[in-house]
Amino acid sequence: MTQPNVTLRGPEVPNTPGSLDPVFTVEDLSVFYGDYEAVRNVDMMIGRREITAMIGPSGCGKSTVLRCFNRMNDLIPGAHIKGKILYHEEDLYGDHVDPIEVRRRIGMVFQKPNPFPKSIYDNVAYGPRVNGMKKNMDTVVEEALNKAALWDEVKDKLKQNALSLSGGQQQRLCIARAIAVKPEVILMDEPCSALDPIATTKIEDLMQELRQEYTILIVTHNMQQAARVSDRTAFFTADVDSAGVRHGRLVEFDQTTRIFTKPSDKRTEDYITGRFG
Amino acid sequence: MAAGHNRATAPGPNRSLARSRPRYGEAAIKVLLLAAALVSIATTLGIVAALLEPTIEFFSEVSFGEFFGSTSWGPLFSPPAFGVWPIIVATLEITLIAVIVAIPLGLAAAIYLSEYATTRVRKIFKPVLEVLAGIPTVVFGFFAFSFVTPLLQDILPFTLDPRNALSAGLLVGVMIIPIVASLSEDAMSAVPRSLREGSFALGASKMTTSVSVVLPAAFSGIVAAIILAISRAAGETMIVAIAAGFKSIFTFNPGSEMATMAAFIASAGSGDAPVGSIAYKTIFAVGSLLFIMTFAMNWFSARMVKKYREVYE
Ligand SMILES: Nc1ncnc2c1ncn2[C@@H]1O[C@H](COP(=O)(O)OP(=O)(O)OP(=O)(O)O)[C@@H](O)[C@H]1O
Ligand SMILES: [Mg+2]
């Protein structure tokens, strides 16, 4: 396994969109909750085996956009989108697409650790079982826990209830649970916001490891975290239209090094230097 | 008033932390609530005490061996027979039929209401369900006797007595569906949304999520609902009296007439058993037995819930 080198990575990634190997291409995406247009006109690309961070003030629609990538918003009555999200050239919201199949390829880790009230083993095995996998479950579980850097801590208590783990362990268990399904992409919505700095560091290190194999999207409120872990950063904000309604929108999307050293938009600069939001 | 106002707004260390005026209302409420709690405890203890004495007297006249060792029941006949098994079997059999009806239907209704129904449907359905729980059981009894039994006699390949355990059990089952459904739905609705989202995010369908995540997470509440329903079924009197009759026959045949323990108590209690007679004491002995059976079941299931929890929480 290669050693991730954080400081070198930024310049290595060329900035031209052509060199980005897109897993997702977002074209003029607007997201609605009923009549309310929560986010408007987002255009961005998610590069394969990159970490893309989404930052911006509260309520600007980061979670809303993130939840479009695995069609999680389908579960909210009245939620719908306009525009397009292409997943490897396939329209993610096409008529033939089964949201369940989408969620098997695109995993998700939530803000608050949400392990099932089952054993550690059953938590990890849940996804594979749901997907009809029966053989070699022990290997699958061990592999996923290993990848989530949790195996050594739990290998002697796999039958114990997952809720007996610490918050940081629970979050890594949730990552293991997502990995066990062997997704291509992992979506993370503020995965460290409920954790202490040490647990946060562990998850960040883990993300660097996972980056070798997976495409990761992370929403974070922690500017340093975005700067530390991500290859590209999308900065969102919310505008108030003439009728006084707030709509989220994407202000700037670029390499993380650029966003944090010479952002091209004044609002991005104000936000990352702490003068706004 | 003015002084109080001044003191409340006075800043700094001069303001006393002592209670500014006694809260009599609080104390009165506390006493009232305690009294309310005591009433139910006292009633339970009173019932136990009232049952105990005649029961002890009963067993000084009828031996344990005869009570639990023979299968012929007829305390009001001459010569009387005190083998209690026929009415125990009838009680268990009708309760079993009721549970077989009520658990699947009640849980299915609960899953539908909590996981599938839109808010609007749920708002209509739940009150309807609760109205069903309010129907007097005598109505269920007559419905079983005058409608369900004739219907079953037409369609079933075996003979059914005009009064029989089957239709009584079915209607007792229908009677307890709302208890199972409503309480289970409460337990399932209390399961946090984040657990469901976690399951959906792994590519689980709605059905898998309901059965594999929501049901186990709501397990203890659901068990409590089922236990309450079983206790109600075992003690149900009106439906079984009308639809299953009063004849104590030792049989497992659901098509046969049979008297449950509750039905016996109702019939003997409403008859003219003179106070102090052996028939009178039998009523209390059977009452004690029913009480113990229900209590044991509650205790057993409380332990089961606890054991299951140790694994899953
Ligand atoms: N289920 C919903 N129904 C209706 N409106 C919603 C729903 N979820 C979010 N919104 C609205 O959409 C907008 C964007 O919310 P979203 O949760 O995506 O913001 P966010 O950027 O993730 O904020 P935060 O940083 O606080 O998590 C907000 O105005 C919010 O009120
Ligand atoms: Mg959010």
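## The contact between the chains

In this predicted model, chain A and chain B meet in a contact to which chain A gives 25 residues and chain B gives 21 residues. Three residues of chain A, namely A:Phe116, A:Pro117 and A:Tyr126, account for 26% of the area that chain A buries against chain B, which is more than any other three residues supply. Taken over the two chains, the buried area comes to about 1800 Å², and carbon and sulfur atoms contribute 63% of it.

## Polar and charged pairs

Across this interface there is 1 salt bridge, in which the side chain of A:Arg67 meets that of B:Glu197 at 3.2 Å, N to O. The interface of chain A and chain B also holds 5 residue pairs in polar contact, with both residues at pLDDT 80 or more.

On the side of chain A that touches chain B, at least two residues each come from α3 (99–105), β6 (106–109), α4 (120–130) and α7 (167–179). Sorted by class, that side of chain A is made up of 14 nonpolar, 6 polar and 5 charged residues.

## Annotated regions of chain B

For chain B, an unreviewed UniProt entry carries the annotation "transmembrane region" for residues 31–52, 84–112, 124–145, 165–183, 204–230 and 278–300. Two of these spans can be described from the model itself. Residues 124–145 of chain B are 91% helix and 0% strand, with the end C-alpha atoms 30 Å apart, while residues 165–183 of chain B are 100% helix and 0% strand, with 27 Å between the end C-alpha atoms.

Methods
Residues are numbered from 1 along each chain as its sequence is written. Chains are lettered from A and ligands numbered from 1 in the order in which they are written. This is a predicted model: local features need pLDDT of at least 70, side-chain atom pairs count only at pLDDT 80 or more; totals for chains, interfaces and linings use all residues. Side-chain values use heavy atoms; hydrogens and water are left out. UniProt positions are given in the numbering used here, feature names are shortened, and annotations may be inferred rather than shown by experiment. Helices (H or I, at least four residues) and strands (E, at least two) are DSSP runs, numbered from the N terminus. Contact means heavy atoms within 4.5 Å. Buried area is the accessible area (1.4 Å probe) that two parts lose on being put together, summed over both. A salt bridge is a side-chain nitrogen of Lys or Arg within 4 Å of a carboxyl oxygen of Asp or Glu. A polar contact is a pair of N or O atoms within 3.5 Å; within protein, one must be able to donate a hydrogen and the other to accept it, and residues adjacent in sequence count only if both atoms are side-chain atoms. Ala, Val, Leu, Ile, Met, Phe, Trp, Tyr, Cys and Pro count as nonpolar, Asp, Glu, Lys and Arg as charged, and the others, Gly among them, as polar.
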